[in-house]
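I opened this model to look up its rings, strands and ligand site. My entries follow the order in which I checked them.

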Amino acid sequence: MNAKTITINPVTRIEGHAKITIHLDEAGEVSDTRFHVVEFRGFEKFCEGRYFGEMPQITARICGICPVSHLLASAKACDAILGVAIPRPARLLRELMHMGQLAQSHALSFFHLSAPDLLLGYDSDPKLRNVIGLIALHPDIARRGIRLRKFGQEVIQRVAGRKIHPDFTVAGGVNKVLKISERDQMLSELPEARENARFALELLKGYQHHHREEIDGFADFDSSFMGLVQPDGSLEHYDGKLRFCDGFGNILQDQLNPASYLEILAEATEPWSYLKFPFIKAQGYPEGIYRVGPLARLNVASKITTPRANAALKEWRAEGWRIRTSSFYYHSARLVEIVYALERIEQLLNDPDITGTDILVTAEPSRPEGVGVIEAPRGTLIHHYWVDESGRVEKVNLIVATGHNNLAMNRGVLAVAKKYVKARQLQEGMLNRVEAVIRCYDPCLSCSTHAVGQMPLQIELIDADGVTLECLQRVE
Amino acid sequence: MSFLDLDERLFELDKLVEFTASPITDVKDIPEVDVGIVEGAVCNDEQEHVLRTMRRQCKLLIALGDCAITGNIPAIRNRFKLAEVVSRGYVETESSQIGEIPNDPGIPKLLHRVRPIQEIVRVDVHIPGCPPEADAIWHALTELLAGRRPQWNETNMRYD
Ligand code: SF4
């Protein structure tokens, strides 16, 4: 048999557009794989010349799924350019909006995109294997997922005035005060959201119980992990310092100032992907592979400041693991973070300052550059701007969450393709497992290449001479 | 994303229409359908190809959102030469260290200009907004299902 390449194109049930090629050797065994990100927009260039205060609104358009992340990282970079610390109510409102987003984005990833694989099966009918199929076959579960995501979206709407692309975060603070009635409304809706999150956690626990072996070995590989933590090492999403741990959970570096990211990280490019490959400078490329996002955050964190989420984390660790390395556990980590987000929302809503009216400081730009870093749902997000004296943007650098995971997604795809793809008796379900690796990382490809997503991921079979012999579209 | 903000109305919609190829389903080819919805501006040759295929396969084509209708934010890049934009993105940024500008034949070629979709194909219905509110999407879809052409006025067409 000739060597071939399998293409999955487009990869579906992910955010954005990508394809996977699987290269086969002479014997028809998987020899190599590539995860190609096929979009590019160029925010790093075209923002040049804009007034820095416009940056939150412009960069929010990088992504419709987590615009709040860009709004926040960008606003923080703007605060740094003003050289101000924002008032406490503004800081709390920004975090509240962020927690709403964490809940909605994770609920979307779990229920709308990945649950169909888990509940209907990787090998089930591709026509039904989606959230609409879930609506038909498991309406109760679908409804809970939809309502949980809706709760998160409505937190964003109440706090910021709009669900997607609100103009709420501005340099120096925010532009809308939270009304007491809005606060109370959210508080009254929390119990249902909490119940739906608890339900999801139980559901996944049950699944994990029955599929232990497959899960533990699913795209399991060694890498470092990176995430923001509080001064005492607790989980953090809005502020904090960078911590790195290795694949055994040993802390490698701690309390690094995220504004010095350029000393720690660098990026490589490969000709076959528009998504860059960040790596840890000290370890070089590609040895300096690291992961970010929900799994990485739980792996680096010493604990969680809220009781329910902390109990869930402890339970995870009680099984004798300091950290988890199988990519599947991104799903579980995501659900633990939903629990955290809901608890944190409650804490924030009960803080008397949350309805405070001191929400903005005005100042002139006073620093030539500013870095804003947050933990977006998918991982660490870095915005870095340089401005001239009048505040006009001269240069922009962005490293987005999905980028940090690029090396890891490629490694995971290779591992799973080697394990499951048998080119001689190729079946649709095998390819769906390869795509499922990508879904673990919940990449936002529109973000990562700063592109508008149109259609999702595609897989391709390529020969030893590099000729595409077969392009397997998984459709009738 | 705004589409998913239909929330529970997705249950209702599921009864009225059949979803085929979409980012949230696993159907990879575009079949012949009544209604196609396109969002986003056209940035590369593959998107252009998908768009033309959609036009052929769809009786009625909807442009969803300002990027599709005007080019919006992505079209800001048209102020610069493509070569400058990719060079900044992949070579000049402060964190770029290894490698060159991606150019493998396996990835789409970037267009010199970002284009709104109606510059390339005929569009039947526009749903404006960045993004259009879920209510606007609902309005357009239910009007079409009722056999009417969606009309926009100050109550259902708002930007904020
Ligand atoms: S939300 Fe705005 S930026 Fe995003 S695709 Fe729609 S119109 Fe474009």
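These notes go from the overall make-up of one chain to single residues.

**Entry 1: overall**

I note at the outset that this is a predicted model. I began with chain A, which has 16 helices and 16 strands. I then looked up burial: of its 476 residues, 68% count as buried. I also checked how far apart in sequence the contacts reach. Among contacts in chain A with a separation of 6 or more, 72% are between residues 24 or more positions apart.

**Entry 2: aromatic pairs**

How many aromatic pairs are there over all chains? I get a count of 14. I took up A:Phe43 and A:Phe46, whose ring centres are 4.6 Å apart. Their planes stand at 45°, so I log the pair as tilted, between the limits of 30 and 60 degrees. Both residues sit in helix α1 (residues 43-46) of chain A, three residues apart, and that separates them by about one helical turn. I find A:Phe43 buried, and A:Phe46 as well.

Next I looked at A:Trp316 and A:Tyr329. This aromatic pair is edge-to-face, with 6.0 Å centre to centre and 75° between the planes. Which helices does the pair tie together? A:Trp316 belongs to helix α11 (residues 307-318) of chain A, and A:Tyr329 to helix α12 (residues 329-349) of chain A. The pair therefore joins parts that are 13 residues apart in sequence.

Buried or exposed, I asked of A:Trp316? Its relative accessibility is 9%, so it counts as buried. A:Tyr329 has 0% and also counts as buried.

**Entry 3: charges over rings**

I looked for arginines placed over rings. The charged end of A:Arg144 sits over the ring of A:Phe199, 4.1 Å from the ring centre. A:Arg433 lies over the face of A:Tyr420, and here I read 5.2 Å from the ring centre.

**Entry 4: an open sheet**

I traced an open sheet of four strands in chain A, in the order β8-β7-β6-β11. Its pairing is mixed. Which strands form the edges? They are β8 (251-256) and β11 (290-291) of chain A, each pairing on one side only. I followed strand β6 (residues 224-229) of chain A to β11(A): the two run parallel and are joined by two bridges. A:Ser224 stands opposite A:Tyr290 in β11(A).

**Entry 5: a strand with partners in both chains**

I turned to strand β9 (residues 265-268) of chain A. Both of its faces are covered. A:Leu265 and A:Glu267 are buried on one side, and A:Ala266 and A:Ala268 are buried on the other.

How many bridges join β9(A) to strand β10 (residues 277-280) of chain A? I find four, and the strands run antiparallel. A:Glu267 has A:Pro278 as its bridge partner in β10(A). I also find two bridges from β9(A) to strand β4 (residues 96-98) of chain B, where the strands run parallel. In β4(B), A:Glu267 is partnered by B:Ser96.

**Entry 6: ligand site**

I listed the shell around the ligand and got 11 residues. The closest are A:Arg61, A:His165, B:Asp66, B:Cys67 and B:Cys130. Why do I call the site shared? The surrounding residues come from chains A and B, so the site is shared between chains. By type, I sort the shell into four nonpolar, four polar and three charged residues.

**Entry 7: two buried residues**

I checked A:Asp79, found in helix α3 (residues 67-82) of chain A. Its relative accessibility is 8%, so I count A:Asp79 as buried. Leaving out residues up to four places away in sequence, A:Asp79 touches A:Val84, A:Ile86, A:Arg94, A:Val170, A:Ala171, A:Gly172 and A:Gly173.

Last, I looked up B:Val42, in strand β2 (residues 42-44) of chain B. B:Val42 is buried, with a relative accessible area of 1%. With residues up to four places away set aside, its contacts include B:Leu51, B:Leu111, B:Val114, B:Ile117 and B:Ile120. Others among them are B:Gln47, B:Glu48, B:Arg113 and B:Arg115.

Key: Residues are numbered from 1 along each chain as its sequence is written. Chains are lettered from A and ligands numbered from 1 in the order in which they are written. This is a predicted model: local features need pLDDT of at least 70, side-chain atom pairs count only at pLDDT 80 or more; totals for chains, interfaces and linings use all residues. Side-chain values use heavy atoms; hydrogens and water are left out. Rings of Phe, Tyr and Trp (its six-membered ring) pair if their centres lie within 6.5 Å; planes under 30 degrees apart count as stacked, over 60 as edge-to-face and the rest as tilted. Buried means under 20% relative accessible area, exposed over 50%, partly exposed in between (1.4 Å probe, protein chains only). A charge sits over a ring if NZ of Lys or CZ of Arg is within 6 Å of the ring centre and within 35 degrees of the ring normal. Two strands pair if DSSP finds at least two bridges between them. A residue is near a molecule or strand if one of its heavy atoms lies within 4 Å of it. Ala, Val, Leu, Ile, Met, Phe, Trp, Tyr, Cys and Pro count as nonpolar, Asp, Glu, Lys and Arg as charged, and the others, Gly among them, as polar. Contact means heavy atoms within 4.5 Å.
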